[in-house]
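Reader: I'd like to learn how to read a structure like this one. Could you walk me through it, feature by feature?

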2 protein chains.
Amino acid sequence: MMKVPKKVLSALRDEESFLVAAHINPDGDAIGSAVALCLALESAGKKAVAYSRDPVPSHYTFLPGQEKILSGLEDALKDDPVLVLVDCNSPGRAGIRDLHFRRSIVMDHHATESDFGDLRWIDRSAAACGMMVYEVLKSLGIEITKAIATNLYAAIAVDTGTFRYSNTTAGVLRTGAELIDLGAQPALIAERLYETWSMKRFRIFMMSLNTLEIKDDVAMTHVSETMFRKTGAGAEDTENFANLPRSIESVKVAAVFREVGRGAWKVSLRSKGEVDVSKVAERFGGGGHRNAAGCRIEADLKSAKKALVGAIRRSHGR
Amino acid sequence: MMKVPKKVLSALRDEESFLVAAHINPDGDAIGSAVALCLALESAGKKAVAYSRDPVPSHYTFLPGQEKILSGLEDALKDDPVLVLVDCNSPGRAGIRDLHFRRSIVMDHHATESDFGDLRWIDRSAAACGMMVYEVLKSLGIEITKAIATNLYAAIAVDTGTFRYSNTTAGVLRTGAELIDLGAQPALIAERLYETWSMKRFRIFMMSLNTLEIKDDVAMTHVSETMFRKTGAGAEDTENFANLPRSIESVKVAAVFREVGRGAWKVSLRSKGEVDVSKVAERFGGGGHRNAAGCRIEADLKSAKKALVGAIRRSHGR
């Protein structure tokens, strides 16, 4: 059971003006958490603005209240707000490195090295920052409207793969159930998150799947500049392209090679279970997490693939 | 709140021998429901065997207890069992048309025309037959073991798209939470359900995607007998092939045409939101749920597609 630190609750109760900041390249958990917290603080009679340095990706623009997220800081700062970082724990991650705030609160579920924040609540066991914001709102006794419930449900859905990842617990499902009771529409949210592929995205996905090559337990596909030209798709359309090849039973690592200029490839790596692709990416100067990492390889495609398979072999002592 | 009819409970309590039959081409809900019910009845000291005319698809073979499902009826019939149909409501759907049972129970959540069954419990509002079996076991006071919880969680996961379809309710998530408390492992189940594609399944999926044709807001793909021959895949490998085409933003209905003999097609229909494909399937003598239905069309592929698009148009008054 999550317990919100009393000092965090008092600060949210006593202060009058807040700037709630999401991390750069915000995902659904960052956006949903920031918007939900702002809507709740506003309903409690406070001034609260949400800030995101980077634009809200199009598949999150259905979230009610996201349209009020600021991308510039001037307006956000004029009421001398308390900074609240959600889903991140350092100003750098939020893209607001050089500013001073009279007070700051951190709410995050990421492992962290930073010690930023006057008041810090880091709970690595939380499946999503949205779970933490939900506890805050319940503890503060703020009414959770349908709009707030929708943002929190989406936040939790995104960070748990809609209840498929290993952070899915009974508590996560119970919170989901409560948010549905409060007005969140699970099928609508899932549809907006997962079923709004543009035709150009679908076409370039098909083209990339048709390039599938499997060596050992590594599935490799690529996306060439020609494919981008033919379909009109952009790099952002290729997010998660490794997921389907990774679904093949014999596959442990799925790699998508995206052409970024003559003889250069951005490689997106996804792995199953214990296979650590961050180690593999580091061999090429990249990095990431155990099951999701990335790097850049400068070589023709054939050599790049060979280098990758070799690195995976060495990295796993085969 | 689901209420199990008292007569169904008494029959399960009073009788001593059961044959629990899943429908032909069984999906995860049919298999999980049948196995869970058998395991529970056995633990209550009864004789209970599960029957499936068709083999258990490979992505369900992780379910504990599924290995005891019988595919022949001789052994199943020797203790003069009561028939229990799960996830279907007529002997024909279970592939046991010409047999006589002294007593029969039906537990299903499909809309139905059949009036088969001495005791019938049809609850169209249930997201999965697994939800109904769970209520039965709770009402009977049978201990729900980890194996039973795993089967029921998988049954519910399959029929709700792991909590993404419109049948996902707060009650569904609460049941999921309870089953996790009882030992079901959500991430493991999701990985086994979605990330264990055989190479032949992947190959025939690619072949079918390459046949994509979009008319109005209907995405159509097909799987031919030639494709089955070339890949070695079977009908059971084509489950959920409509999901990816349905993910295209402009698409409201995705249809997969599977060849079942010269000039005959089994059509699997998946729709978004309010579009009711069960009505469309009924026009061809099929049926199902609002967002997932199926039917058979006897015609060459071009005519079959045309007939389907016409039926969808008429069904939605366009």
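Author: Let's start with pairing: two strands count as paired if DSSP finds at least two bridges between them. Strands of a sheet pair through backbone hydrogen bonds, either parallel or antiparallel. Keep in mind that this is a predicted model. As a case, B:V223 stands opposite B:R258 in β8(B).

Reader: How many bridges join β7(B) to strand β8 of chain B, and do they run parallel or antiparallel?

Author: Six bridges join β7(B) to β8(B), residues 253–259, and the two run parallel. On β6 of chain B, residues 213–215, the pairing with β7(B) is antiparallel, with three bridges. There, B:K215 stands opposite B:V218.

Reader: What do β6(B) and β7(B) form together?

Author: A hairpin, with two residues between the strands. Look at B:D216 in the turn: its phi is positive, about 50°.

Reader: Is β7(B) buried or exposed?

Author: For burial, count neighbours: a residue is buried if 20 or more other C-beta atoms lie within 10 Å of its own. In β7(B), residues 218–223, six of the six residues are buried, so the strand is largely enclosed by the rest of the structure. B:V218, B:M220 and B:H222 point one way, while B:A219, B:T221 and B:V223 point the other way, and all are buried.

Reader: Now chain A. What is the strand order in the open sheet of six strands?

Author: The order is β6-β7-β8-β9-β11-β10, and the pairing is mixed. At the edges are β6 (213–215) and β10 (287–288) of chain A, each pairing on one side only. Strand β8 of chain A, residues 253–259, runs antiparallel to β9(A), with seven bridges joining them. One pair to find on screen is A:F257 with its bridge partner A:V267 in β9(A).

Reader: Which helix lies across β7 and β8 of chain A?

Author: That's α9 of chain A, residues 199–209, running at about 130° to β7(A).

Reader: Let me zoom in on A:K266. Where is it, and what does it touch?

Author: A:K266 is in strand β9 of chain A, residues 264–271. Leaving out residues up to four places away in sequence, A:K266 touches A:R258, A:V260, A:G294 and A:R296. A:H222 is 44 residues from A:K266 in sequence, yet the C-alpha to C-alpha separation in space is 9.8 Å.

Reader: Why does A:K266 count as partly exposed?

Author: Because A:K266 has 18 C-beta neighbours inside 10 Å.

Reader: What about the five strands in the other open sheet of chain A?

Author: Their order is β2-β1-β3-β4-β5, with parallel pairing. The edge strands, each pairing on one side only, are β2 (47–51) and β5 (119–122) of chain A. On average, neighbouring strands here are turned by 15° against each other, direction ignored. Between β4 (residues 104–108) and β5 of chain A there are four bridges in the parallel sense, and A:I105 stands opposite A:L119 in β5(A).

Reader: Which helices pack on that sheet?

Author: One of them is α2 of chain A (residues 28–43), which touches β1 (17–21), β2 and β3 (82–86) of chain A. The direction of α2(A) makes about 170° with that of β2(A). Another is α5 of chain A (residues 129–140), touching β3, β4 and β5 of chain A, with its direction at about 125° to that of β4(A).

Reader: Helices next. Which residues of α8(A) are buried?

Author: An α-helix has 3.6 residues a turn, so residues three or four places apart point the same way. In α8(A), the buried residues are A:P186, A:A187, A:I189, A:A190 and A:E191. Their cover includes α6 (146–159) and α7 of chain A.

Reader: And how many residues does each chain bring to the contact?

Author: Chain A brings 34 residues and chain B brings 33. On the side of chain A, α7 (170–181), α8 (186–194) and α9 each supply at least two residues. The largest share, seven residues, comes from α7(A). By class, that side of chain A has 16 nonpolar, ten polar and eight charged residues.

Key:
Residues numbered from 1 in each chain as written. Chains lettered and ligands numbered in written order. Predicted model: local features only at pLDDT ≥ 70, side-chain atom pairs only at ≥ 80, totals over all residues. Buried ≥ 20, exposed ≤ 12 C-beta atoms within 10 Å, placed from the backbone. Contact = placed C-beta atoms within 7 Å. Axes fitted to C-alpha atoms, helices over the stretch in contact; angles between N-to-C directions. Nonpolar A, V, L, I, M, F, W, Y, C, P; charged D, E, K, R; others polar.
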